[in-house]
Amino acid sequence: MSETISVEESRQLDNKTINEIGIPSMVLMERAGLKIYEDMIHNDDLDLSNTLILAGTGNNGGDGLVVARLLSTHGYKVSILTVGNPDHASDDHKKQQHICDYYEIPKVFLNERFDNYTTLVDALFGSGLSRNVGGDFATVIDKANASDAKIHAIDIPSGLNGDTGEVMGTAIEATSTSTIAYAKEGMVKAAAKPYTGKIFVDDIGIYKGLVAETK
Ligand SMILES: NC(=O)C1=CN([C@@H]2O[C@H](COP(=O)(O)OP(=O)(O)OC[C@H]3O[C@@H](n4cnc5c(N)ncnc54)[C@H](O)[C@@H]3O)[C@@H](O)[C@H]2O)[C@@H](O)CC1
Ligand SMILES: [K+]
């Protein structure tokens with residue numbers, strides 16, 4: 001595995017890329033979604049005949065909505081389950097949801113049976129996970145793990161602590177994970193392997209100098 005970074009370093013690099021260098025966050029989200037989509041369509045472990053995107057309301061969910069749109073516009077069957085209050089979604093997430101609405105990508109709700117799907121995309125939490133997972137999020141994670149569908153995680157399997165590899169209440173057991181810019185330190189610990197599955201590291205244009213300078 002190539003170089004790893006902490007979750008805080010990941011946030012710093014994102015901030016520097018957006019606020020100091022000036023690459024718009026929506027451009028990074030678009031690039032992330034495109035890379036993740038490409039990882040998925042080239043991954044023989046995944047059957048994309050019926051995909052459900054599990055989207056939290058932050059930017060990890062926003063990445064998932066880009067994947068939903070790319071699958072849809074390329075002719076794949078895809079639906080979206082949003083977990084959390086969409087009124088409180090991040091600005092970029094709201095923009096991506098607006099685009100998904102334009103393309104009329106179907107929405108499903110918490111009572112959905114996950115066994116109907118061949119692949120679930122875990123876009124519930126990424127680097128923003130800040131406390132143990134409970135409530136609807138825990139229910140959805142446990143239901144995803146119990147289903148027959150394969151799971152592809154975005155950035156970090158939701159519920160996994162990106163620094164320590166510990167499970168924060170419950171965590172997604174992914175078949176594969178597309179991580180942005182660098183794998184996070186906790187993801188390469190032996191205990192994390194059943195949660196990350198195979199890891200793809202996606203370069204989306206996030207600044208890399210800082211990590212090289214500080215290590
Ligand atoms: N902003 C950026 O620079 C980029 C971010 N990207 C994606 O955005 C992710 C980070 O996005 P965010 O910072 O919005 O964070 P997340 O999308 O990981 O989650 C943020 C939200 O989850 C809530 N939350 C945290 N722990 C919770 C818990 N246990 N239960 C319930 N709610 C909880 C937070 O209060 C916050 O509202 C990355 O992992 C990556 O996937 C990519 O789009 C690339 C660019
Ligand atoms: K995730």
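Predicted model: local features only at pLDDT ≥ 70, side-chain atom pairs only at ≥ 80, totals over all residues.
# A walk from the potassium site to the sheet

The six donor atoms around the potassium ion (ligand 2) subtend angles of 66 to 169 degrees, so their arrangement is irregular. Residues are numbered from 1 along each chain as its sequence is written, chains are lettered from A and ligands numbered from 1 in the order in which they are written, and side-chain values use heavy atoms, with hydrogens and water left out.

Let us stay with the ion. Which residues hold the donor atoms of the potassium ion (ligand 2)? Asn-60 (OD1) and Ser-158 (OG) take part, together with the O atoms of Asp-122, Phe-125, Ile-154 and Ile-156, at 2.7 to 3.1 Å. Donors are N, O and S atoms within 2.8 Å of the metal (3.2 Å for Na, K and Ca), and because water is not among the atoms, sites may look incomplete. Along the sequence, the spacing of these donor residues reads N-x61-D-x2-F-x28-I-x1-I-x1-S. Ile-154 and Ile-156 are both buried (buried means under 20% relative accessible area, exposed over 50%, partly exposed in between, with a 1.4 Å probe and protein chains only).

Next comes Asn-161, in the loop between β6 (150-154) and β7 (176-180). Helices (H or I, at least four residues) and strands (E, at least two) are DSSP runs, numbered from the N terminus. The Asn-161 side chain reaches two backbone nitrogens: that of Asp-163 at 2.8 Å and that of Thr-164 at 3.0 Å.

Since Lys-184 lies in strand β8 (residues 183-184), the pair ties together parts that are 29 residues apart in sequence. In total, the structure has seven salt bridges, each a side-chain nitrogen of Lys or Arg within 4 Å of a carboxyl oxygen of Asp or Glu. Another one joins Glu-20 to Lys-16, at 3.2 Å between the closest N and O atoms. These two are four residues apart in helix α1 (residues 7-21), and so are separated by about one helical turn. Glu-20 counts as exposed, because its relative accessibility is 61%.

Finally, look at the sheet. It is open, has seven strands in the order β4-β3-β2-β5-β6-β7-β9, and its pairing is parallel. At its edges are β4 (107-108) and β9 (198-202), each pairing on one side only. Two strands pair if DSSP finds at least two bridges between them; β7 and β9 have five, and Thr-177 has Ile-199 in β9 as its bridge partner. Five bridges also join strand β2 (residues 51-55) to β3, where Ala-55 stands opposite Thr-82. Strand β3 (residues 78-82) is largely enclosed by the rest of the structure, because four of its five residues are buried.

How values were computed:
Tetrahedral: all angles 85-135°; square planar, octahedral: opposite > 155°, others 65-115°. Polar contact = N/O pair within 3.5 Å; in protein donor to acceptor, adjacent residues only side chain to side chain.
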